[in-house]
Amino acid sequence: MNAIYILWLRQLKRYFRSKSRIVGSLGQPLLFLLALSFGFGPIFQKAGGGNYLEFLAPGVIAMGILFTALFSGIEIIWDKQFGFLKETLVAPVTRLRIMIGRTLGGATIALIQGIIVLIIAYFIGFRLSSINLFLAFVFMFLVAIIFTALGTTIASLLEDMQGFQLIMNFLVMPIFFFSGALFPLNDLPRSISLISGANPLTYGVDGLRGALTGVSQFSLGTDLSVLILTSAVLLVLGGYLFSKIEI
Amino acid sequence: MEEEKPIIKVVDLVRKFNEFEAVRGISFEVKHGDVFAFLGPNGAGKTTTIKMLTTLLKPTSGKILINGFDPLTQQDEVRKSFGIVFQDQSLDDELTAYENMEFHAVLYNIPAKLRKKRTEELLKFTELWERRNDLIRSFSGGMRRRLEIARGLLHHPKILFLDEPTLGLDPQTRNHIWEYIKNLNQKEKITVFFTTHYIDEAERSAKKVAIIDHGKIITRGTPDQIKEEAKAKSLEDAFIALTGKEIREEELGAGESMRYNQRLRRRRQA
């Protein structure tokens, strides 16, 4: 066994032992799926957009991943405050490997969360019209990596949970709303489409939608390249800031 | 007898947090197999020194050798040379005792076979074997401390650092923990470097003592030598005679020192 694996395993064990965390984090995606698909579905259909659930489900799956991934950064602050971080920082393991292990752990949990939302969506009536499940998982995993690394980056800079929570609340909703998860980005005012274009989740949602339903705005190649590039940048940045943590 | 090389060697060690000088040029040596007490009032520079000895903090200047290795250039060798029990607890509450040990063993790259054997041996030694599959959440303060000591020993370190190992424990548990530590020192020939505010514990357990105050070492020697120097009956009286009766502020951590420096800057601007 190696260090990255045991760090990954630790996070999974903690996740599966906290049932309330699993159930609690599914509430919001479920609410979005039910309320929005039944509420806006008929209007969307009348406006010629087609089946709204089919449009919405990939967005809500991405949302489930986004929330879990970003908030996994809180575990670093948690470990800082409750002392466990010191145990890993005096071990003969480089900070980069610690950061990679943690990020993979956080991202795996976010991916599991996304898969659970996908299953829930299926039971509500979401049907996969183009089944490229493998490609879908690739997109889900990239979204998970990006936002776990972003959570790590932010958590490395902060000392307390309240500060982290504040920044997260400030970030999560704009990232989600301007990603094309809820509405198509085609006919938006220029300012908003600029924001969406700079939002990495936009490409995650688009790619996921393309893989699951066969309809996407950008080419899947564009989506993949943007996501891979962003995750590389954030991993380097997060790794750097994590290595600067002093306790 | 052959003169042994010291296992810890510190020369002119300095650590500044911007303007604030926490450690101001200290030098000392710890011999192989010693039980060494590092004493001082709050804010004297104890924790900052331990952090530098254990690679958690870089010195501003000066030289450190741990088991012959330099923490700046041979970080991993230094890290493998010591085990540490921190001042505040550092176990994962959501894992079991056994899992905490396993986590540590894998981080220190101990082969699987040896890992199992050593874990069992140490959990039995600290009388936690029966509770190995329980979550740490259910452990008492004394049990947590024992587990941290067991964990610190997993990778066969040469030195065990203990930063106030008996803080907040009742006299029975404290006694018990010191029994383990002395036992280890004798059986495994492990060097013990510890800090404490219970000066009577240092008097009973330490072979050598150094007292640090305001970032400088003010005296060192055997407990008897220090008592004699201060003309005191107990080490505690000697400690108070040497460091004064004034009450001190807590030592600054990285976060606090940042805030301290911000305050300094603001004051200067005003």
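Predicted model: local features only at pLDDT ≥ 70, side-chain atom pairs only at ≥ 80, totals over all residues.
The contact between the two chains takes 21 residues from chain A and 22 residues from chain B, where two residues are in contact if their C-beta atoms, placed from the backbone, lie within 7 Å. On the side of chain A that touches chain B, the elements giving two or more residues are α1 (3-17) and α5 (84-89) of chain A. The largest share, six residues, comes from α1(A). The residues of this side divide as follows.

| Class on the side of chain A that touches chain B | Residues |
|---|---|
| nonpolar (Ala, Val, Leu, Ile, Met, Phe, Trp, Tyr, Cys and Pro) | 10 residues |
| polar (the others, Gly among them) | three residues |

Residues are numbered from 1 along each chain as its sequence is written, and chains are lettered from A and ligands numbered from 1 in the order in which they are written.

Chain A holds 11 helices and zero strands; helices (H or I, at least four residues) and strands (E, at least two) are DSSP runs, numbered from the N terminus.

The radius of gyration of chain A is 18 Å, which agrees with the value near 18 Å for a compact globule of 247 residues; this radius is taken over C-alpha atoms, and the globule rule is 2.2 Å times the number of residues to the power 0.38. The C-alpha trace of chain A spans about 60 × 40 × 35 Å along its principal axes.

Of the 247 residues of chain A, 48% count as buried, that is, with 20 or more other C-beta atoms within 10 Å of their own, the C-beta atoms being placed from the backbone. Among contacts in chain A with a separation of 6 or more, 82% join residues 24 or more positions apart.

How values were computed: Buried ≥ 20, exposed ≤ 12 C-beta atoms within 10 Å, placed from the backbone.
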